[in-house]
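My entries follow in the order I made them.

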Amino acid sequence: MGINDLIIKHRKMPSQKKIFEHWEIRLDSIYPQQCFACSSLDTTKLERAHILARCNGGSDEVDNLHLLCRNCHVSSETISGKKYWQWFKYTFENWVEITIARCKPHINMALNNLNDLERGEYDCVIGYQALEGQSDAYDIGYGEQYQKEQTVGGQ
Ligand SMILES: [Zn+2]
């Protein structure tokens with residue numbers, strides 16, 4: 001084990017609370033437990049991200065650390081200093097589009113995991129026509145959901 005390993009082992013990063021308190025009065029619209037950049041609410045997984053990277057001489061002090069969600073930390077990992085602030089401003093101003101773009105693969109993945117019955121229900125819920133030539137389970141799912149909506153709508 002080299003001296004660098006020892007230094008890394010003994011580095012003390014300020015707590016997330018300390019970092020938040022430092023930036024709360026310096027940045028507009030940041031809230032506890034939300035990513036500073038994209039505002040996503042993440043109560044457990046916010047990460048301490050360096051503004052000026054450590055390898056560029058950045059410190060582990062509160063004024064060089066932001067609290068970011070995993071996605072933002074990964075997006076900003078290779079940028080540092082002035083470039084980081086440009087990225088930060090862009091992300092902060094475009095968080096709606098960015099959040100939607102990040103969610104899309106998850107939504108698609110979730111849809112791919114539906115069984116036929118659930119897919120039938122889903123198509124009905126979002127107002128699609130029932131697809132032709134699907135399995136019985138699909139037709140049942142669609143049909144049951146349709147019935148449910150008729151009943152609720154008729155009351
Ligand atoms: Zn984020």
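Of the 18 residues of α5, what number is buried? I found 1, so α5 lies largely in the open. I count a residue as buried if 20 or more other C-beta atoms lie within 10 Å of its own, as exposed if 12 or fewer do, and as partly exposed in between, with C-beta atoms placed from the backbone.

I noted the ground rules. The model is predicted; local features need pLDDT of at least 70, side-chain atom pairs count only at pLDDT 80 or more, and totals for chains, interfaces and linings use all residues. Residues are numbered from 1 along each chain as its sequence is written.

I stayed with α5, residues 95–112.

Next I looked up the whole protein chain. I listed 7 helices and 2 strands, taken as DSSP runs numbered from the N terminus (helices H or I, at least four residues; strands E, at least two). Of its 155 residues, 19% count as buried.

Last, the strands. β1 (residues 47–50) runs antiparallel to β2, joined by 4 bridges; strands pair if DSSP finds at least two. Arg 48 has Leu 67 as its bridge partner in β2. Leu 65 and Leu 67 point one way from β2, His 66 and Leu 68 the other, and all are buried.
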